[in-house]
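The chain and its model are shown first.

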Amino acid sequence: MVHVTYLPVIVAAVVVFVLGWLWYSPLLFYKPWMRLRGMDPVAAMAGAKMPGGKLLIELVRCLVLAYVIAHFAALLGVGSWMGAVHLGLFLWIGFPVILLTGSIIWENVPWKVAAIHAGDWLVKMLVISIIVSMWH
């Protein structure tokens, strides 16, 4: 059995939850992301309110992701920051990048929308990998 320490999983999940909120906020990619989806960012922001249920689901998603990555890191014996970066990059290429390119090819998702999502996933994979691998 592989031992996963829960505190770094929780910390990593909360950190990437906040970073995801920041990624899609007006401070970073909210406006281009909304425009690329055919929406007016100003109009959408005017009537926007934080959907509590969706935010809770997103936090649970971050927890599951952090736990799975922590499990992989433990199985692979990742213990250095460079090993953690490699793990994060390999997971990013192997899963979000592959899934997002499929959505570009088969679902006609604009590549710029996919690129914004891919950047968010890259940050998540790297940050989680580093936190759960380096926490002692």
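## Ser103

The side chain of Ser103 reaches the backbone oxygen of Leu100 at 2.7 Å, a polar contact (a pair of N or O atoms within 3.5 Å; within protein, one must be able to donate a hydrogen and the other to accept it, and residues adjacent in sequence count only if both atoms are side-chain atoms). Ser103 belongs to helix H5 (residues 81-107); helices are DSSP runs of H or I with at least four residues, numbered from the N terminus.

Ser103 counts as buried because its relative accessibility is 11%; buried means under 20% relative accessible area, with a 1.4 Å probe and protein chains only. Leaving aside residues up to four places away in sequence, Ser103 touches Asn108 and Val109, where contact means heavy atoms within 4.5 Å.

## Basis of the model

This is a predicted model, in which local features need pLDDT of at least 70 and side-chain atom pairs count only at pLDDT 80 or more, while totals for chains, interfaces and linings use all residues. Residues are numbered from 1 along each chain as its sequence is written, and side-chain values use heavy atoms, with hydrogens and water left out.

## Ser25

Ser25 is placed in the loop between H1 and helix H2 (30-36). With 5% relative accessibility, Ser25 counts as buried. A polar atom of the Ser25 side chain lies 2.7 Å from the backbone oxygen of Leu22.

## H1 against H4

Helix H1 (residues 6-23) packs on helix H4 (residues 52-76) at an angle of about 130 degrees, with the axes 8 Å apart. Axes are lines fitted to C-alpha atoms, for helices over the stretch in contact, and angles run from 0 to 180 degrees between N-to-C directions. H1 is therefore oblique to H4; angles under 35 degrees count as roughly parallel, over 145 as roughly antiparallel, 65 to 115 as roughly perpendicular and the rest as oblique.

The contact includes Tyr6, Val9 and Phe17 of H1 and Leu55, Glu58 and Ala70 of H4. Its residues divide into 14 nonpolar, no polar and 1 charged. Ala, Val, Leu, Ile, Met, Phe, Trp, Tyr, Cys and Pro count as nonpolar, Asp, Glu, Lys and Arg as charged, and the others, Gly among them, as polar.

## H4 against H6

H4 and helix H6 (residues 111-134) pack at about 55 degrees, with their axes 9 Å apart. That angle makes H4 oblique to H6.

Among the residues that meet are Glu58, Arg61 and Ala70 in H4 and Trp121, Lys124 and Ser129 in H6. By class, this contact of H4 with H6 has 9 nonpolar, 2 polar and 3 charged residues.

Definitions and conventions. Helices (H or I, at least four residues) and strands (E, at least two) are DSSP runs, numbered from the N terminus. Buried means under 20% relative accessible area, exposed over 50%, partly exposed in between (1.4 Å probe, protein chains only).
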